[in-house]
Amino acid sequence: MAARIDHGVTSGTFSLDGQTWSVENNVWVVGDDQECVVIDAPHAADPIAALIGDRRVVAILCTHAHDDHVTVANELSDRFDAPIRLHPGDDPLWRMSYRHLAYEPLADGQGIAVAGMALHVLHTPGHSPGAVSFNAPALGAVFTGDTLFQGGPGATGRSYSNYETLIMSIRYRLFVLPPDTVVHTGHGPDTTIGDESAGAVNWPAPS
């Protein structure tokens, strides 16, 4: 059975630097009828479990460790007996949500095998130090978390973020992908690498 992408949306809050915002997060489940990976674990476990069904979960993959992306990582890990995977650059943010919970580290260039294909880990810091994107060439897709959205780069200006680093990540890690690559984001609608690359001329220049 060919690999596919299942999508859901969950609602909740994001808190950092003493402020809290209401947010809706995308959830991506990538795999076939037998096994899958979950990309991000926001807000509520039951809607994500419904996307998973009775499949084996290879891993809970975290694009980064802001609390709205890892809210139910522990619950899903326990429920499906699956490891949590996170880039260690985001350990300070992870410890804000899970003081003692361990995770398995992700590394740039690593391949995550699922459903007869690989998701390639791209370290794309800037929104957070350990932010990663997951490139799935077999599906013509990349999962960018909060690094790249329809209409521009992710947010900076909060703790552990840096605009110049983010722009460098997007230009040199994401914009080198084929222009028709579909960008599946952490919030909001899909876009393509080509559309965002063309629009980047309007982005503020790094200082």
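Modeller: His69 is buried, with a relative accessible area of 0%; buried means under 20% relative accessible area, exposed over 50%, and partly exposed in between, with a 1.4 Å probe and protein chains only. The model is predicted, so local features need pLDDT of at least 70 and side-chain atom pairs count only at pLDDT 80 or more, while totals for chains, interfaces and linings use all residues. Residues are numbered from 1 along each chain as its sequence is written, and side-chain values use heavy atoms, with hydrogens and water left out.

The confidence score, pLDDT, is the predictor's confidence in each residue, from 0 to 100. For the chain its mean is 97, and 99% of the residues reach 70 or more.

His69 belongs to helix H2 (residues 67–70). Helices (H or I, at least four residues) and strands (E, at least two) are DSSP runs, numbered from the N terminus. The side chains of His69 and His187 are joined by a polar contact of 3.3 Å. Such a contact is a pair of N or O atoms within 3.5 Å; within protein, one must be able to donate a hydrogen and the other to accept it, and residues adjacent in sequence count only if both atoms are side-chain atoms. When residues up to four places away in sequence are not counted, His69 touches Asn25, Asp40, Ala41, Pro42, Thr63, His64, Asp146, Gly186 and His187; contact means heavy atoms within 4.5 Å.

H2 is also one of the elements against which the buried residues of helix H3 pack, together with H1, E4, E5 and H4. Those buried residues of H3 are Ala73, Leu76, Ser77 and Phe80. They cover an arc of only 100° around the axis, which puts them on the same side of H3; the arc is that of the directions from the helix axis to the C-beta atoms. After H3 comes Asp81, with a positive phi near 50°.

Ile60, leaving aside its neighbours within four places in sequence, is in contact with Val38, Ala41, Leu76, Ser77, Ala82, Pro83, Ile84 and Arg85.

Strand E3 (residues 35–39) runs parallel to its partner, strand E4 (residues 56–61), over five bridges, and Ile39 has Leu61 in E4 as its bridge partner. E1 and strand E2 (residues 19–31), by contrast, pair in the antiparallel sense over 13 bridges, with Phe14 opposite Trp21 in E2. In the hairpin of E1 and E2, two residues lie between the strands, and Asp17 takes a positive phi near 55°. At 43% relative accessibility, Asp17 counts as partly exposed.

A further open sheet of six strands has the order E7-E8-E9-E10-E13-E14, again with mixed pairing. Its edge strands are strand E7 (111–114) and strand E14 (191–192), each of which pairs on one side only. Strand E8 (residues 117–123) pairs with E9 in the antiparallel sense over four bridges, and the bridge partner of His120 in E9 is Asn135. Ala115, in the loop between E7 and E8, has a positive phi near 50° although it is not a glycine. At 14% relative accessibility, Ala115 counts as buried.

Conventions:
Two strands pair if DSSP finds at least two bridges between them.
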